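Student: Could we go through this structure together, with a few questions and answers?

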Amino acid sequence: MRTVVAVDEWNAHYAAGRDFRAVTSEEGGAFDLNVGQGEGRSALDIGCGTGGFASFLRDQGYLVTGADYSEAAISTAVARYGSTASLSFRCWNAEADSWVEFPRHDLISCRLGYAFIQGKGESLRSVKSHLSPGGVFYVMTPHSDKLPPARSDIGVSVEEVEELRFGWSSVKEWTLDAQHVCYALTL
């Protein structure tokens, strides 16, 4: 059974100075090879946390909006990276808040957050409807069967991977390390 993490728990996590893994050179190189440089294209980073991956995307040439429903995460992201024309942050819940205010994006990413999405089918429909033609959905996630049993609820199951991979014109998948897999899913 998937653990539901309430926003208060995420706020406490980030307020305590905790974070998630930084983008490694291996992930950055694989991203560049499989997704490519931004060249001024737009990106939405769902579950951006403290902004590390959103900043990486900006450095790759994307115009990025980082979104997270934890106010503490967004506060930290703004303090670390500021807010500019090429990188901005906002408090937003991809499952509960409206997507209508977002334009289509060339890239939507969900790095280390996909496993926590409760309504994956509805979220995938929202992602697909907000990608530009030829746009890419980038997901980096642990697989539950590659994690220790006590942590398996922070990974995705085989069935969830099948659901994630369904209905795209192109699916690229690569193993990042012993626990994490990346997906570049093209509309």
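Tutor: Strand S7 (residues 180-186) has seven of its seven residues buried, so it is largely enclosed by the rest of the structure. Buried means under 20% relative accessible area, exposed over 50% and partly exposed in between (1.4 Å probe, protein chains only). Helices (H or I, at least four residues) and strands (E, at least two) are DSSP runs, numbered from the N terminus. This is a predicted model, where local features need pLDDT of at least 70, side-chain atom pairs count only at pLDDT 80 or more, and totals for chains, interfaces and linings use all residues. Residues are numbered from 1 along each chain as its sequence is written, and side-chain values use heavy atoms, leaving out hydrogens and water.

Student: Which residue in S7 is the bridge partner of Phe137?

Tutor: Two strands pair if DSSP finds at least two bridges between them. Strand S5 (residues 131-142) pairs with S7 in the antiparallel sense, over seven bridges. In S7, the partner of Phe137 is Leu185.

Student: Which residue in S7 does Glu173 stand opposite?

Tutor: Strand S6 (residues 170-175) runs antiparallel to S7, joined by six bridges. S6 and S7 form a hairpin with four residues between them. Opposite Glu173 stands Tyr183.

Student: Is Leu112 buried or exposed?

Tutor: Look in the loop between strand S4 (105-111) and helix H5 (120-129), where Leu112 is found. Leu112 is not a glycine, yet has a positive phi of about 65 degrees. With a relative accessible area of 18%, Leu112 is buried.
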